Amino acid sequence: MSENCSLCYDMQTKPFRTVHQNENCAVMTSYEPVLDGHCIVLPKLHRSTWHDLTEKESHSMWKTANEAAEILKDVYGLDCIILANKGNHATQSHIHIHVIPIKQNFRELVSNVSGASPRERASDQKLMETRERIAACWR
């Protein structure tokens, strides 16, 4: 447990948030839910980055996130999106995965938030430029 981590603190002191746990990770209700049923999956040990996770922890988190999505679908009758934050998008120092039951699909969600076109196919030229930019940095 990290002294300065609110997620570590809540795992230890607020058991009413934990809906499931296994050897490696826990599923907790989000304390800032974007929609009803929003849960997070996090390793039981404090891990700050994806690289800090053991292979077993990483596998367990993704497996548990998929299980959570199935449970939430049963409870809310909605498919879920599964998102992982990294870098500036993360608001916690404890790595975690969001599982959110949602009526919209991912494209609609991003379009509503960003104002981007809901359905616009990229040109072959744009796809090639994007591939080259990313592939050049792949190591």
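Which residue in β2 does Thr18 stand opposite? Thr18 stands opposite Met28. Strand β1 (residues 18-21) and β2 run antiparallel and are joined by 3 bridges; strands pair if DSSP finds at least two bridges between them. The two strands form a hairpin, with 3 residues between them. Helices (H or I, at least four residues) and strands (E, at least two) are DSSP runs, numbered from the N terminus.

The model is predicted: local features need pLDDT of at least 70, and side-chain atom pairs count only at pLDDT 80 or more, while totals for chains, interfaces and linings use all residues. Residues are numbered from 1 along each chain as its sequence is written, and side-chain values use heavy atoms, with hydrogens and water left out. The chain has a mean pLDDT of 88 (the predictor's confidence in each residue, from 0 to 100), and 93% of its residues reach 70 or more. Where pLDDT is low, the predicted coordinates should not be read in detail.

Asn24 lies in the loop between β1 and β2. Its relative accessibility is 14%, so Asn24 counts as buried (under 20% relative accessible area; exposed is over 50%, partly exposed in between; 1.4 Å probe, protein chains only). Leaving out residues up to four places away in sequence, Asn24 touches Leu42, Pro43, Lys44, Lys56, Glu57 and Ser60; contact means heavy atoms within 4.5 Å. Ser30 is found in the loop between β2 (25-29) and β3 (39-43). Ser30 is also buried, at 14%. Beyond neighbours within four places in sequence, Ser30 contacts Arg17, His38, Cys39 and Ile40. A polar atom of the Ser30 side chain lies 3.3 Å from the backbone nitrogen of Glu32.

In helix α1 (residues 6-13), Leu7, Cys8, Asp10 and Met11 are buried. They cover an arc of only 165° around the axis, which puts them on the same side of α1; the arc is that of the directions from the helix axis to the C-beta atoms. These buried residues pack against β2 and β3.

The largest nonpolar core has 14 residues, with Val41, Met61, Ala65, Leu72, Cys80, Ile97 and Val99 making the most contacts inside it. Such a core is a set of buried Ala, Val, Leu, Ile, Met, Phe, Trp, Tyr and Cys residues joined through side-chain atoms within 4.5 Å. Its largest share, 5 residues, comes from α2. A second, separate core of 8 residues includes Leu7, Met11, Ile40 and Leu42.

Key:
A polar contact is a pair of N or O atoms within 3.5 Å; within protein, one must be able to donate a hydrogen and the other to accept it, and residues adjacent in sequence count only if both atoms are side-chain atoms.
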